[in-house]
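User: I am new to this structure and would like to learn how to read it. Can we go through it feature by feature?

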Amino acid sequence: MTETNFVNNKKKKENTMFKDYFKYYKSRNPPPKLDDVIDIDSACKKVIQVDVKDVDNTKTFIVDKWGLKATSTWKIYKFTDIPGLIFIRNPFTSIGQRYWITKCLRDYSRKPNKLNIDAHDIIDDQENWWSIYKSDNEKSKNIVGKLRWATLGYHHNWDTKYYSENDKSPVPYELNEMTKLLSNYLGFNNFNAEAAIVNYYRMNSTLAGHVDHSENNMDAPLFSISFGQTAIFLIGGLSQQEPAYPIYIKSGDVIVMSGESRLRYHGVPKILRDENLNWKQDNPDEANIFVDSDDWNKASDYIDDARININIRQVLKIGQTSLTDNYHSN
Ligand code: OGA
Ligand code: MN
């Protein structure tokens, strides 16, 4: 198999499985050819269809909230070959992106949220990841790259993959409100953010292929919001045997996995540097949210070599009040 025809060669494609694509795009030596990675902006590939028909923007939809731009400027894409997958091209202002990056680093990386580094026993009771990161000492250098994930709301259990009523913390108000804005605009009414994973990627991080099926409510869409450096996102089929589409996800981009696409294999084989750095560009007209400038300066250093993904899920069925409420059982 030569590099150049990896994705284009139809014959190969039929026999090529998710893991082959993952391995191809993950490879450092040789590095992958990026010609087949779908760039939503150029929208030149057949799989992409701009289709905002289903979006009810007849209501007065909101400008200037939670760091989002006016909804009239949003570009929304659907994929003819991937029913249910929705891509919103960065609906955030620059300052909005800074707000969410800072939130993820300063606020979501501490109790009551759970972190991968809790198990490392390196943070004292008086400290948190952000206070150590800010202190710029030896410990800070050691800890900065170790943060990989935080779980909010119903805590994702990485071993059992089941949520538990005994293992949850509040979903931050602003995160739920922002996601509700997105979901209402797209016509998914009644969405409630009940669990979130914040994934912190360094330049060499990957996320292996998986399906998210822990949620009781698989009918509700899943929102995946990314900031910082660019990812190659791979989305395959319902089984691991099917091929995958590689798609660039850039800072501010929102992916919504709804309907059938909610059950597709997906993963992140590679992080690439973003040349555009749109979160750094100042636009005073867009100052629709407050970000502390000292905190942003620190967060800005971090995101120069990192990507953050907030993965937001509804866990309960509509009308269900807790996981012990059997309302949903048939
Ligand atoms: C996840 C996930 C994708 C991303 O957290 O389940 O699929 O883009 N994240 O980081
Ligand atoms: Mn996922």
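This is a predicted model: local features need pLDDT of at least 70, side-chain atom pairs count only at pLDDT 80 or more; totals for chains, interfaces and linings use all residues.

User: Where is Asp121 found, and what is its phi near?

Analyst: Asp121 is found in the loop between E4 and helix H4 (129–135). Its phi is near 55°, a positive value in a residue other than glycine.

User: Which value does the phi of Leu277 take, and is Leu277 buried or partly exposed?

Analyst: Leu277 is not a glycine, yet its phi is positive, at about 45°. The residue sits in the loop between E12 and helix H7 (293–303). Leu277 is partly exposed, because its relative accessible area is 30%.

User: Now the metal. Which residues are the protein donors of the manganese ion (ligand 2)?

Analyst: Start with the donor atoms. His210 gives NE2, Asp212 gives OD and His266 gives NE2. These atoms lie 2.1 to 2.2 Å from the manganese ion.

User: How are the donor residues spaced in sequence?

Analyst: The spacing reads H-x1-D-x53-H. Asp212 and His266 link distant parts of the chain, 54 residues apart. Asp212 is in the loop between strand E7 (207–210) and strand E8 (222–228). His266 belongs to strand E12 (residues 266–272). Asp212 and His266 are both buried.

User: Next, the peptide bonds. What is omega near for the bond from Asn29 to Pro30?

Analyst: Omega is near 5° there, and the bond is cis. Pro30 lies in the loop between helix H2 (18–26) and strand E1 (48–50). A cis peptide bond also joins Lys111 and Pro112, with omega about 10°. Pro112 is in the loop between helix H3 (94–107) and strand E4 (114–115).

User: How many aromatic pairs does a search of the whole structure find?

Analyst: The search finds 15. Take Tyr24 and Tyr25. Their ring centres are 4.9 Å apart and their planes stand at 90°, so the pair is edge-to-face. Tyr24 counts as buried at 13% relative accessibility. Tyr25 is buried too, with a relative accessible area of 0%.

User: Why is the pair of Tyr99 and Trp100 edge-to-face?

Analyst: A ring pair is described by the distance of the centres and the angle of the planes. The planes of Tyr99 and Trp100 are at 90°, so the pair is edge-to-face, with centres 5.0 Å apart. Tyr99 is buried at a relative accessible area of 12%. For Trp100, also buried, the value is 0%.

User: Which residues do ring pairs link into a cluster?

Analyst: Trp129, Trp130, Tyr133 and Tyr302 form that cluster. Trp129 matters for the next feature as well.

User: Which residues touch the most other members of the largest nonpolar core?

Analyst: Trp129 and Tyr200 do, in a core of 53 residues. Leave out residues up to four places away in sequence, and Trp129 touches Leu105, Ser109, Ile117, Ile123, Ile143, Val144, Leu147 and Tyr302. There is also a second, separate core of 19 residues, which includes Phe79, Leu222, Ile235 and Tyr245.

User: Which charged residues lie over the face of a ring?

Analyst: Lys250 lies over the face of Tyr248, at 5.6 Å from the ring centre. Arg307 lies over the face of Tyr201, at 4.8 Å from the ring centre.

User: Last, the helices. What does H3 reach from its first C-alpha to its last?

Analyst: H3 has 14 residues and reaches 19 Å, close to the 20 Å expected at 1.5 Å a residue. H3 is mostly covered, with 13 of its 14 residues buried.

User: And how many of the 14 residues of H6 are buried?

Analyst: The count is 10, so H6 is largely enclosed by the rest of the structure. Among the buried residues are Leu175, Met178, Leu182 and Tyr185. An α-helix has 3.6 residues a turn, so residues three or four places apart point the same way. Helix H6 (residues 173–186) reaches 20 Å from its first C-alpha to its last, close to the 20 Å expected. Just after H6, Gly187 takes a positive phi of about 90°.

Conventions. Residues are numbered from 1 along each chain as its sequence is written. Chains are lettered from A and ligands numbered from 1 in the order in which they are written. Side-chain values use heavy atoms; hydrogens and water are left out. Donors are N, O and S atoms within 2.8 Å of the metal (3.2 Å for Na, K and Ca); water is not among the atoms, so sites may look incomplete. Helices (H or I, at least four residues) and strands (E, at least two) are DSSP runs, numbered from the N terminus. Buried means under 20% relative accessible area, exposed over 50%, partly exposed in between (1.4 Å probe, protein chains only). Rings of Phe, Tyr and Trp (its six-membered ring) pair if their centres lie within 6.5 Å; planes under 30 degrees apart count as stacked, over 60 as edge-to-face and the rest as tilted. A charge sits over a ring if NZ of Lys or CZ of Arg is within 6 Å of the ring centre and within 35 degrees of the ring normal. A nonpolar core is a set of buried Ala, Val, Leu, Ile, Met, Phe, Trp, Tyr and Cys residues joined through side-chain atoms within 4.5 Å. Contact means heavy atoms within 4.5 Å. The expected span of a helix is 1.5 Å times one less than its number of residues.
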